[in-house]
Amino acid sequence: GEAAVEQLDVVPDPALDASGRVDELDGEIRRALSRRPPLLARHRVDALDGPVGGEVGDGAHQSSLRPGQVGTVPAVAVVKPFRALRYDTGAAGPLATLVAPPYDVISPEERERLRAQSPHNVVRLTLPDDEEQAARELEEWRAQGILVEEPPAVWALEQDYVGPDGIARTRFGLVCSLKVEPYETGTVLPHERTHAGPKEGRLRLLRATRVQLEPIFLLYDGPAPAERPDRAPDLEVEDARLWRLDDPTLVRAFDDRQLLIADGHHRYETAVVLAQEEGTPASAQMLVVLVSSEDPGLEIFPTHRLFDRPRRLESAGDGAGELTELTRDGSRSVAVPQGMLDVQLVDTLGTDGISYTPDAAEAERRVRDGEAAVAYLLRPTRIEDVFEHARRGDVLPQKTTYFYPKLISGLLLHPL
């Protein structure tokens, strides 16, 4: 006769079951948050930095921003396909009239120009007259078919550009949905200080629209898990091309990766606050572009510093490299101490009267014309140095890095 078959109750091993690991991690994070001091407390600016500080904190920063563990559970990036909202150009018009740069690089004059291009330009959502108006317009556009929803997917993104150095490059990344985590889990690493003012406005907008309107830019170590598809792009505008990728397994490549915020610290911290407020899986999702640190098109450019009053830096005797101090009397080289970045040395002068430009020729002109008393021309910060400082828990000065080109807003939106 047939052999007896014993029925067994199988309990998934959390170490192998992704959802089990995520649930266990959530519990560890909440317990860790309840007993750890606020992160970045010394950089608070006003009241919003209280709830944000509870997410991103300085007391646990140094130990937690290394590849490591929260309790006994390894920190892992949870990356997913997502249902994108995109423009239907048949109803909305040409895509070139609908997209815009990120909100934080748009001047008042450029905002008006973009608004005049189309009644549906994304700047009406990212820089609205008020947040409730943005929410109303967003709902109207969805109802009218101006914005349509795509099936769940990861997207490949290519951007062609000529950098400030005059060299043509192509940068490749993947557009995904990321589960946001407090910095102290070590899953996502910051590298720059933030201020509360920009976060207040972004949080009001996110609460009102319930949509991640713009992607943030993150880096990871290792090769990209996908390549440029060998077919025409699904979306194309302004030297940017997007392909829908229907392979849901791509995201597993990020299970053991740490992610470094290249651009978008304020928006990331805002998303963490919303996730803590609501405590739902949907509220913890964020629109991101993930770029490999090995991508040949990835480049960090320097942001030079100018001061409206005279300053002077002293050279280090054992300097590892030199930056340039420029005044109307001429220029001189300043040796940077071993283990210190150019931006950290200039940061010792404070930020009173400071301004910034990525254009060295512009910095020289402003000094020559008397618009600035002194300029410091910096060397580019290396990607490996940014990762190293972030993993140590160092919070670097604002504008330590200048990633070019900026991501384009309006190609894909991420409803929560």
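Mentor: What follows moves from the whole chain to a sheet, a helix pair and some individual residues. The model is predicted, so local features need pLDDT of at least 70 and side-chain atom pairs count only at pLDDT 80 or more, while totals for chains, interfaces and linings use all residues. Residues are numbered from 1 along each chain as its sequence is written, and side-chain values use heavy atoms, with hydrogens and water left out.

Trainee: How many helices and strands does the chain have?
Mentor: The secondary structure comprises 12 helices and 22 strands. These are DSSP runs numbered from the N terminus, with helices being H or I of at least four residues and strands being E of at least two.

Trainee: And what share of the residues is buried?
Mentor: Of the 416 residues, 53% count as buried. Buried means under 20% relative accessible area, exposed means over 50%, and partly exposed lies in between, with a 1.4 Å probe and protein chains only.

Trainee: What percentage of the contacts comes from residues 24 or more positions apart?
Mentor: Among contacts with a separation of 6 or more, residues 24 or more positions apart account for 76%. Contact here means heavy atoms within 4.5 Å.

Trainee: Let us turn to the sheet of five strands. What is its order?
Mentor: The order is β18-β17-β20-β16-β19, in an open sheet with antiparallel pairing. Two strands pair if DSSP finds at least two bridges between them.

Trainee: Which strands are at the edges?
Mentor: They are β18 (330-336) and β19 (354-357), each pairing on one side only. From one strand to the next, the twist averages 25°.

Trainee: What packs on that sheet?
Mentor: Helix α11 (residues 360-368) does, touching β16 (304-307), β17, β19 and β20. The direction of α11 makes about 160° with that of β20; axes are lines fitted to C-alpha atoms, for helices over the stretch in contact, and angles run from 0 to 180 degrees between N-to-C directions.

Trainee: How many bridges link β17 and β20?
Mentor: Strand β17 (residues 321-327) pairs with strand β20 (residues 374-377) over three bridges, in the antiparallel sense. L326 stands opposite A375, and T324 stands opposite L377. β16 and β20 are also antiparallel, with three bridges, and there the partner of L306 is A375.

Trainee: Which way do the β20 residues point?
Mentor: V374 and Y376 point one way, and A375 and L377 point the other way. All of these residues are buried.

Trainee: Back to α11. Is R366 buried or exposed?
Mentor: R366, a residue of helix α11, counts as buried because its relative accessibility is 17%.

Trainee: What does the side chain of R366 make a polar contact with?
Mentor: The partner is the side chain of S355, at 2.9 Å. A polar contact is a pair of N or O atoms within 3.5 Å; within protein, one must be able to donate a hydrogen and the other to accept it, and residues adjacent in sequence count only if both atoms are side-chain atoms. Leaving aside residues up to four places away in sequence, R366 touches L306, S355, Y356, E371 and A372.

Trainee: Now the helix pair. At what angle do α7 and α8 cross?
Mentor: Helix α7 (residues 131-143) and helix α8 (residues 196-209) cross at roughly 35°, and their axes come within 8 Å.

Trainee: Which residues meet there?
Mentor: E131, E132, A134, A135 and L138 in α7 meet G201, R204, L205, A208 and T209 in α8. The contact divides into five nonpolar, two polar and three charged residues.

Trainee: What about L213, buried or exposed?
Mentor: L213 is buried, because its relative accessible area is 7%. L213 lies in the loop between β9 (211-212) and β10 (216-220). Not counting residues up to four places away in sequence, L213 touches L125, T126, L205, L412 and L413. The C-alpha atoms of L213 and G410 are separated by 7.4 Å, although the two residues are 197 apart along the chain.

Trainee: Finally, the backbone. Which peptide bond is cis?
Mentor: The bond from Y404 to P405 is cis, with omega near 5°. P405 lies in the loop between β21 (402-403) and β22 (414-415).

Trainee: What is the phi of R210?
Mentor: Phi of R210 is near 60°, a positive value in a residue other than glycine. R210 is in the loop between α8 and β9, and counts as partly exposed because its relative accessibility is 30%.

How values were computed. Nonpolar A, V, L, I, M, F, W, Y, C, P; charged D, E, K, R; others polar.
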